[in-house]
Amino acid sequence: MLLRVSRLIVGLLFIFSGLIKANDPLGFGYKLQEYFEVFHITFLNDFSVATAIVLCTLEIVLGALLLLGFYTKKVTWGLLLLIIFFTFLTFYSAFFEVVTSCGCFGDAIPLSPWQSFSKDLILLVLILIIFTQRDQIKPLTANNKTQSIFSGLILIFSLGFGIYTYNFLPILDFLPYKIGNNIPKLMITPPGVPLDLYEITYSLNNKNTSETKKMTDKEYLKTGIWKDTNWEIVGEPINRLVKKGYEVKIKDLKIVDSQGIDYNKEILENPYYNLVIVGYDLSKANARGIGDLNAIAINAAENYNVRSVLLTSNSAQDAATFSDENKLVMEVFYADGIPLKSMVRANPGLLLLKNGMVVNKWHFNNLPSYDELARKYFVNN
């Protein structure tokens, strides 16, 4: 019974974890780049997405084969090696505070490093149970040909799913810029929500007796020690977060022009349809995608006076050179690369906004034609 329960939990969790990350392999690739930076192996950055897809595929395949009972020896060795590797990473992240979120379940279920490490420890125990009792696992079918067919189909699905979502955006969008969200509303704290609760600790020194003590801000006021002139606060008070309050979903988006003037309100709260092209790194932007988006922007401006803007994290000089070389008609604005990567998992990608709401979004590989956009949106604007 213990073996069965362990197989069920580990198998389902590995499949779930792999699918969630394979849903957004580019986002998982960004997370891997953080680890590459920590371990000073940034030369692997160009292979981060490929590595992400392979890891996701490995998780799904191992989880599925464990449930089916196929290739028990290889699967249990694979699970053990993988969980040891993951446990080391999450412990390193937690202990040295180098990566604030492990990305185990993508953006769907954010976990702190210590939460991730605890989860991996539990999985390690379960996998050790499976590993030591692997000879008791009975396959769903003993036919080698059937096992090969099932395993091949699982591999093709797992690998194909990650490749598809990389080329055509995630199936499920867990980021704050998903379709239907109102960006300006997610940038403010709603009234009445609980805020972060902090505790302040003072270091006190008695000028007459040289006695020292530490007191929280509540104790400091409650005891009335502040009235006693013999006691004085020494050093800097220490702030400690006691309880996490409401966290603004979008807190790092600031759109500016080349002079640094804030354009957040003008662009994000435009009451009409406007096209927002996101190219977080123009040096790596897909040339065909840029050309297609420029053609859409030209037609939209000429026929329906639709405003088109390009958001990038490149320097103003590099962006101006890129704009001239590609004869871009859209206005160029600048923002930090992190929110731009979250806006749309493509470089370039397109967002259709109206009054701050994300009406739709597209990868450069599945852009709508201008006629489609006009017929569906602009005609009745």
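The following exercises, each with a worked solution, concern a predicted model.

**Exercise 1. The span of helix α5**

Solution. 

Next, identify which residues of α5 are buried and what covers them. The buried set includes Pro113, Ser116, Phe117, Lys119, Asp120, Leu123 and Phe131. Their cover includes helices α1 (2-22), α3 (48-68) and α4 (72-96). One of these buried residues, Lys119, also lies over the face of Phe105, at 5.3 Å from the ring centre.

**Exercise 2. Two aromatic pairs**

Task: Classify the ring pairs Trp77–Phe131 and Phe157–Phe161 as stacked or edge-to-face.

Solution. 
- Step 1. The model holds 21 aromatic pairs. In the pair Trp77 and Phe131, the ring centres are 4.9 Å apart and the planes stand at 85 degrees; as this angle is over 60, the pair is edge-to-face.
- Step 2. Trp77 belongs to helix α4 and Phe131 to helix α5, so this pair ties together parts that lie 54 residues apart in sequence. Trp77 is partly exposed, because its relative accessibility is 40%, whereas Phe131, at 13%, counts as buried.
- Step 3. For Phe157 and Phe161 the centres are 6.0 Å apart and the planes meet at 15 degrees; this angle is under 30, so the pair is stacked.
- Step 4. Phe157 and Phe161 are 4 residues apart in helix α6 (residues 144-168), so about one helical turn separates them. Phe157 is partly exposed at 48% relative accessible area, while Phe161 is buried at 19%.

**Exercise 3. Strands β5 and β6**

Task: State in which sense β5 and β6 pair, parallel or antiparallel, and which handedness the unit with helix α10 has.

Solution. 
- Step 1. Strand β5 (residues 307-312) and strand β6 (residues 331-334) pair in the parallel sense, over 4 bridges.
- Step 2. Within this pairing, Leu310 has Val332 of β6 as its bridge partner.
- Step 3. Together with helix α10 (residues 316-326), the two strands make a right-handed β-α-β unit.
- Step 4. Ile267, in helix α8 (residues 264-268), is in contact with residues including Arg307, Val309 and Phe333. At 2% relative accessibility, Ile267 is buried, since the cut-off is under 20%.

**Exercise 4. Backbone exceptions**

Task: Describe the peptide bond from Asn347 to Pro348 and the phi values of Tyr71 and Asn355.

Solution. 
- Step 1. Most residues other than glycine have a negative phi, and most peptide bonds are trans.
- Step 2. The bond from Asn347 to Pro348 is cis, with omega near 10 degrees. Pro348 is in the loop between α11 (337-343) and β7 (349-354).
- Step 3. Tyr71 has a positive phi, near 45 degrees; this residue is in the loop between α3 and α4 and is partly exposed at 33% relative accessibility.
- Step 4. Asn355 also has a positive phi, of about 55 degrees. Asn355 is in the loop between β7 and β8 (357-363) and is partly exposed, with a relative accessible area of 47%.

Methods
Residues numbered from 1 in each chain as written. Predicted model: local features only at pLDDT ≥ 70, side-chain atom pairs only at ≥ 80, totals over all residues. Heavy atoms only, no water. Pairing = 2+ DSSP bridges. Right-handed = clockwise from strand over helix to strand, strands pointing away. Buried < 20%, exposed > 50% of the residue type's maximum accessible area, 1.4 Å probe, protein only. Contact = heavy atoms within 4.5 Å. Phe/Tyr/Trp six-rings, centres within 6.5 Å; stacked < 30°, edge-to-face > 60°. Lys NZ or Arg CZ within 6 Å of the ring centre and 35° of its normal. Lists of a residue's contacts leave out its neighbours within four places in sequence.
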